[in-house]
Protein chains: 2
Amino acid sequence: MKNDKVEPRTLPGFMELMPQDQIEFDRIKSIIEDSYKKYGFLPIDTPIIEDSNVLLAKAGGETEKQIYRFSKGDNDLSLRFDLTVPLAKYVAKNYGQLSFPFRRYQIGKVYRAERPQKGRYREFYQCDIDVIGDETLSITNDAEMPSIIYQIFSKLDFGKFTIRINNRKLLGGFFESLGLENRIEDILKIVDKLDKIGIDNVKEMLQDEKVDSDSIEKIVQFVSTKENVIQFLESLNISNDTFVKGLSEIKEVSKYMIAFGVPENYFRIDLSIARGLDYYTGTVFETTLDDLPNIGSVCSGGRYDNLAEYYTDKKLPGVGISIGLTRLYYILNEYNLIKNDSLSKSVSKAIILPMSQDFEYSIKVATLLRNMGINAEVYFEDKAFKKKLNYANKQNIPYAIIIGDDEINSETVAIKNMQTGEQQNIKLSDMTIDLFK
Amino acid sequence: MKNDKVEPRTLPGFMELMPQDQIEFDRIKSIIEDSYKKYGFLPIDTPIIEDSNVLLAKAGGETEKQIYRFSKGDNDLSLRFDLTVPLAKYVAKNYGQLSFPFRRYQIGKVYRAERPQKGRYREFYQCDIDVIGDETLSITNDAEMPSIIYQIFSKLDFGKFTIRINNRKLLGGFFESLGLENRIEDILKIVDKLDKIGIDNVKEMLQDEKVDSDSIEKIVQFVSTKENVIQFLESLNISNDTFVKGLSEIKEVSKYMIAFGVPENYFRIDLSIARGLDYYTGTVFETTLDDLPNIGSVCSGGRYDNLAEYYTDKKLPGVGISIGLTRLYYILNEYNLIKNDSLSKSVSKAIILPMSQDFEYSIKVATLLRNMGINAEVYFEDKAFKKKLNYANKQNIPYAIIIGDDEINSETVAIKNMQTGEQQNIKLSDMTIDLFK
């Protein structure tokens with residue numbers, strides 16, 4: 001009877017970490033959240049389940065297939081697949097109560113029923129910020145985004161990274177100047193693959209699209225220019241309005257990025273970046289880890305003209321970025337970019353190991369430590385001392401406080417540094433936070 | 001064409017707060033999480049979606065009806081309805097890798113398709129801790145739980161509260177001594193309603209259950225004794241093994257609770273508490289806010305013999321507590337227990353208001369503040385000064401830093417205290433964190 005156990009499995013495509021790894025995951029999440037707050041973004045927390053009519057107002061094609069959609073009672077429900085559509089709903093719904101520009105962050109799980117494969121998750125965290133304007137939004141907000149990316153990835157300390165920026169108006173205007181304005185979307189899709197498939201394949205694909213060879217050369221030169229890009233753009237002397245607007249925007253963004261403290265070697269203008277999504281209309285961002293060029297962007301975003309057109313007539317331009325935290329964590333882990341000293345972190349700074357089953361003094365010591373702001377636990381189980389030390393070691397707890405009869409009688413504690421093995425006896429009244437640094 | 005907008009609505013039964021309220025919600029969540037860490041609990045984060053076979057291994061009846069269950073491809077999926085079943089799965093699955101006692105916390109959303117009504121949510125946060133032993137678990141862990149409850153609700157500062165504790169063995173042994181051991185569950189269910197329906201109704205229901213009147217008197221005296229409970233229990237002279245075990249446990253828990261620093265007027269033994277769930281086997285806890293006796297328990301839990309019997313033959317006893325954060329927040333809001341000074345908190349401590357469209361100096365000031373650890377934002381929009389101040393006021397940002405040409409030329413800042421209206425001009429190089437306290 002006891003033998004018909006259910007196998008305790010977790011679904012494929014769902015990340016579930018061991019506690020030690022979860023501590024590191026949460027540390028990264030905290031760095032991201034604290035950085036978002038440092039820039040004054042406000043928290044919101046929208047439901048994971050939404051009415052399908054609301055959530056899928058815009059969706060279609062590939063996205064819709066990946067939605068977890070189901071009914072309960074009379075309700076047609078879906079799990080959110082990003083944090084942008086819920087933001088659009090939220091802003092449209094609460095327009096009258098919000099102050100604009102509305103600076104919001106949201107960190108939460110989203111769901112896509114993708115075919116599970118390495119590094120692809122069906123449940124994953126997105127960490128988003130957006131600034132939403134009412135009718136208008138200053139271009140300076142675009143320049144602030146890279147400075148937030150810079151802050152976060154500097155703090156995360158996973159090696160050198162590069163923030164690539166472009167402007168969809170530059171691309172759009174350039175293609176208009178070639179008389180290819182009706183095929184911008186198709187051409188951008190091909191150009192977007194440049195990093196992946198190389199120049200020759202892009203050229204070939206453009207030929208297949210019946211782009212004339214003169215234009216192909218210009219397009220390839222355009223997207224391949226990596227140095228002195230602004231001078232190059234100016235030298236093109238394109239008078240197309242969209243292009244001129246894009247040039248002015250990217251100049252302004254570049255200028256303010258430096259004021260925001262982004263070092264010049266951490267960003268570059270990359271005219272080959274288009275971003276797949278069709279709603280970006282101005283500045284676009286990607287962030288790549290220099291040591292891992294093949295993993296793609298770890299933080300992307302951009303400027304859009306109209307956040308919530310499916311819900312409201314209000315014009316709500318915005319700019320935002322998103323970090324796919326679950327995928328980022330997977331990559332860091334896969335490429336051993338998580339430092340050992342991070343992985344050896346514990347929640348508890350100290351563990352109290354009572355040598356007898358009389359716990360009152362041990363509990364007193366624990367309470368004292370906690371009141372000093374030190375995370376601490378007591379090992380209450382009746383096991384051999386070696387087992388207790390093993391537990392402390394496995395948890396990577398840096399200090400063990402051993403409480404025997406001597407300590408109880410003399411009101412002292414024996415503090416053992418678990419890394420060096422050093423042990424010191426001190427009076428309980430002399431115990432300070434500095435002993436646990 | 002632009003007029004077929006979708007109404008941006010949020011489903012009933014789903015809490016979605018305005019940013020100001022979300023800040024307060026998050027503050028409460030942080031206090032709970034930090035307190036759990038203070039006691040050395042380790043984080044885990046299990047998926048919201050689980051295989052229905054795994055999640056519903058134990059469930060049945062009322063619970064199963066409330067599950068969001070659906071299929072995607074060949075998978076029969078369900079959304080978790082608590083954090084205990086996922087914990088059982090997690091511990092059974094990772095048994096070999098975990099250290100015991102395993103102290104874990106998890107804070108996350110769970111889902112129940114209840115009929116939406118005031119204060120009932122279909123998506124709500126649970127904040128759980130559990131200590132899981134391997135084969136055995138010291139009773140001292142039971143005594144630690146109330147001290148964590150005490151820490152949290154003291155810090156939350158929502159008024160006086162009372163932690164009520166009981167022990168299922170006391171109840172069980174007592175009923176056995178009356179020869180009612182086969183009807184414990186039914187009788188406990190009736191007794192559990194004492195607070196809600198009163199003594200007379202409980203007596204009547206027990207008569208309907210054909211309990212003899214002598215036993216009814218004993219039962220009612222038992223559950224109604226609120227003072228000197230341990231003396232009362234000893235005076236009963238019940239020799240039943242279960243009862244004796246329960247008495248010894250509750251004495252030990254009471255003793256250590258005091259060592260853990262829970263003041264005596266913050267807890268009491270309440271023999272009427274049984275907790276509805278059928279898996280508690282020892283200590284049980286409830287927490288009530290003294291000023292709001294009718295809202296029921298805001299933090300409950302207890303001791304169970306076997307966490308994961310549906311998944312493994314290993315015997316895994318545990319003790320834990322859970323805070324239903326979404327419901328708690330609803331109650332605090334409904335009864336105006338959230339303090340005004342909490343509600344007037346902003347994320348940004350300072351807002352920089354540039355008087356011209358030249359932002360370089362303003363950005364420099366913002367970067368300086370952020371590097372000092374101060375959350376700050378810049379208002380970049382081209383609006384009248386009054387509008388800028390309005391924005392700062394609506395966001396409750398305590399300090400506005402006004403940057404005009406004078407400030408730029410003299411490398412100074414004008415810092416305005418938004419509450420007092422006081423304004424001071426100081427050199428940028430003299431700006432310190434103390435000015436924003």
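Which residue in strand 5 of chain A is the bridge partner of A:L42? Select A:R104 to see that partner. The model is predicted: local features need pLDDT of at least 70, side-chain atom pairs count only at pLDDT 80 or more, and totals for chains, interfaces and linings use all residues. Residues are numbered from 1 along each chain as its sequence is written, with chains lettered from A and ligands numbered from 1 in the order in which they are written.

Next, select strand 1 and strand 5 (residues 102–111) of chain A, which pair in the parallel sense over two bridges. Strands are DSSP runs of E with at least two residues, and helices are runs of H or I with at least four, numbered from the N terminus; two strands pair if DSSP finds at least two bridges between them.

Now display both chains. Chain B can be laid on chain A with an RMSD of 0.1 Å by a turn of 180° and a shift of 0.0 Å along the axis (least squares on C-alpha atoms of residues with pLDDT of at least 70 in both). The two copies are thus related as by a two-fold rotation axis. Select B:F70, whose C-alpha is the nearest to the axis in chain B, at 3.0 Å.

Finally, select the interface, where 77 residues of chain B are in contact with 77 residues of chain A (C-beta atoms, placed from the backbone, within 7 Å). Helix 1 (residues 19–38) of chain B gives the most to its side, with six residues.

Conventions. Two residues are in contact if their C-beta atoms, placed from the backbone, lie within 7 Å.
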